Amino acid sequence: MTDSEPLPPIPLESFAFFFDLDGTLAGIEKRPEWVSIPDDTKRALAEIYSLANGAVALVSGRALKELDALCAPLKCPAAGVHGAERRDAEGHIHRTELSPALMSKLGSELNLAIAAYPGCHVEGKGMAYALHYRQSEAFADDILALAETFTQRYPELALQRGKCVVELKPRGVDKGAAIHAFMQEAPFVDRTPLFIGDDLTDEAGFSQVNALGGVSIKVGPGETAARYHLDDVGKVQQWLLSLTKQQESQSIKTIISVGEDL
Ligand SMILES: [Mg+2]
């Protein structure tokens, strides 16, 4: 990671933008349902979506319906549950699902097992389960070990670590695969990808974007494959606003120079 390297210029007309949500566009809260995206960030996102001709997608561990609720009124392409559900630019949904029988069995077994760890809870995400321990961080190792017993017993599952959460998701699903899928499609294809995220789950996305010659940005501290760095959610917001302002000043320059030519 290149801590001190300034971010390169990002022309909106030639980049494809991929954004993680929690810890990137919005601050982390004790409970996921307490999270909201600041209004200025939402306005900047909507402006970038418009100026980049729709080449903007959210890539998150949250379900699509939660992403839509958090970004409203903007409804853009998005990959939810780490890419297990993905809505393309035409609105088509692509899903990688575990069988309903397996999801039901997992739900019962996980809820039973996690009862041994007060303050921890299971979140069903439709095609994955998240084991949260934000309010009981002392159980971090226990929850990880518990999740590992499930990936050993069920080869259909892969383990995904995050900040105070361990998830069990369908094998083969990750943010890198989701970004790769978007990059095959309009309006993303033939653009340079940019991905910004803050957590272990974002590393697959950083590697994918690096392989495509794009710009990978890690928010906050920690080892990472990302090539650039922003300190926190506040810095992300400032940078997003600067992107929209850069475009406005270019538009004004163009209008002035066209005016001078007349
Ligand atoms: Mg995040």
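I call a residue buried under 20% relative accessible area, exposed over 50%, and partly exposed in between (1.4 Å probe, protein chains only). By that rule Asp20 and Asp198 are both buried.

I noted the ground rules next. This is a predicted model, where local features need pLDDT of at least 70 and side-chain atom pairs count only at pLDDT 80 or more, while totals for chains, interfaces and linings use all residues. Residues are numbered from 1 along each chain as its sequence is written, and side-chain values use heavy atoms, with hydrogens and water left out.

Metal site. I looked up the donors (N, O and S atoms within 2.8 Å of the metal, 3.2 Å for Na, K and Ca; water is not among the atoms, so sites may look incomplete). Asp20 (OD), Asp22 (O) and Asp198 (OD) coordinate the magnesium ion at 2.1 to 2.2 Å. Asp20 sits in the loop between β1 (15–19) and α1 (39–51), and Asp198 in the loop between β10 (192–197) and α6 (203–211), so the pair ties together parts 178 residues apart in sequence. Helices (H or I, at least four residues) and strands (E, at least two) are DSSP runs, numbered from the N terminus.

I counted as a cavity a set of points on a 1 Å grid over the protein atoms alone where a 1.4 Å probe fits but cannot get out; lining residues have an atom within 4 Å of a point. The largest cavity is lined by 32 residues, and Asp22, His132, Lys163, Val165 and Glu167 lie nearest its centre. β6 (121–124), β8 (157–162) and β9 (165–170) each give two or more residues to that lining. β8 gives the largest share, 3 residues.

Note on methods
1 Å grid on protein atoms, 1.4 Å probe; cavity = no way out; pocket = protein on both sides within 12 Å on 5 of 7 lines; lining within 4 Å.
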